[in-house]
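Visitor: I'd like to learn how to read the packing in a model like this one. Could you walk me through it?

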Amino acid sequence: MAAQPRGNVAIDQEPACANLATMLASADTDAARRERLVRGVGSILLAALLIGVMASCVRVASRELSGPQIAFVRFFGSFLLLLLANTPGRLRPRAGNLRWLLARALFGTSSILLYYTAIQWSGAGMATMLHCTYPVSTALIAVVFLRERLTTALVLALGLELVGLFLVIGPGAGLSPLAVLGAACAIGASLLAGAALTTARHLRSSEDAWLITTYFMGIGAIVALPFWLATPPQPSSAMWLPLAGVVLTSVASQWLVHHGLGYTSASLGSLAAATSVISATACEALFLGESMSPRAWLGGAAMIVAVGFAIRRSD
């Protein structure tokens, strides 16, 4: 019997070709998504390492300068470096973004002023640990002011947050009154940091990391200037090295955070940034001979888990 003609072969192959094209497109999309994740989270993880080094430099510099005075050096020095690295035309924001840049700078500057004061009073490790809980506070603010849904994950996060705070600064923690006040400053800084990070993420949809970082440092220098002028310090020659460390690690870490937020969500970015507590505590122990108690470590672990629940809630 003669073979039947295969006139429908091309038609039969169309679905297979379409499926193959869909699979290839999906693979390309997954690869692009992984690349964006690596570029985003990878940048912020590197920034977290630098933030830990910066916190230890702030701790050393606080032997002669106050936290707000160190913040002025950070902002002013970083601003000068960024001006040298950019052209004026590159620093012109898009229409409608100036108010967002101002808001990001004011939130961030207020957070830094409190954070540096917290480092001075309670140490780099503890201040960074409390400061890095802002994903939880951000989620709570969203529920209270934006009427977002209160989920089980958020309730667990808040519960763990309270347990962690009790272990770190509650009765029996053995903290001095000044250290407790520093811890309160760090908690306030975390609230402001959440607002700053969310604003920066919004800006990254239309502005690059250079512009956002430059405006942040410039406005921060203006806000912090009165603290320097009120009682102008005269740091010794030994302080210039840690102050230079503050400036260099600050400008690099801040640019990396803004760069990374262009490739990942604010929630995932905040979780990556929270790992700075590890580098801050390690640097403080290695170079300054200061360490936290086991109880404080346990409290810190509870707060890190709380951050994880807060991120899960927002995904």
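This is a predicted model: local features need pLDDT of at least 70, side-chain atom pairs count only at pLDDT 80 or more; totals for chains, interfaces and linings use all residues.

Visitor: Which residues of helix 4 are buried?

Guide: Buried means under 20% relative accessible area, exposed over 50%, and partly exposed in between, with a 1.4 Å probe and protein chains only. Helices are DSSP runs (H or I, at least four residues), numbered from the N terminus. In helix 4, the buried residues are Ala124, Gly125, Met126, Ala127, Thr128, Met129, Leu130 and His131. That is eight of the eight in residues 124-131, so helix 4 is largely enclosed by the rest of the structure.

Visitor: Which residues touch the most other members in the largest nonpolar core?

Guide: A nonpolar core is a set of buried Ala, Val, Leu, Ile, Met, Phe, Trp, Tyr and Cys residues joined through side-chain atoms within 4.5 Å. Here the largest has 46 residues, and Ile70, Phe75, Tyr115, Tyr116, Ile119 and Leu130 touch the most other members. Helix 3 (residues 98-122) gives the largest share of this core, seven residues. A second, separate core has 12 residues, including Ala47, Ala193, Leu197 and Ala273.

Visitor: What does Tyr116 touch?

Guide: Contact means heavy atoms within 4.5 Å. Leaving out residues up to four places away in sequence, Tyr116 touches Met54, Val58, Gly67, Ile70, Ala71, Arg74, Val246 and Ser250.

Visitor: How many aromatic pairs are there?

Guide: Rings of Phe, Tyr and Trp (its six-membered ring) pair if their centres lie within 6.5 Å; planes under 30 degrees apart count as stacked, over 60 as edge-to-face and the rest as tilted. A search of the whole structure turns up five. Take Phe72 and Trp228: their ring centres are 5.5 Å apart and their planes at 40°, so the pair is tilted. Phe72 sits in helix 2 (residues 67-85) and Trp228 in helix 8 (residues 209-230), 156 residues apart. Both Phe72 and Trp228 are buried.

Visitor: What sits over the face of Phe216?

Guide: A charge sits over a ring if NZ of Lys or CZ of Arg is within 6 Å of the ring centre and within 35 degrees of the ring normal. In this model Arg104 lies over Phe216, at 4.1 Å from the ring centre.

Conventions:
Residues are numbered from 1 along each chain as its sequence is written. Side-chain values use heavy atoms; hydrogens and water are left out. Helices (H or I, at least four residues) and strands (E, at least two) are DSSP runs, numbered from the N terminus.
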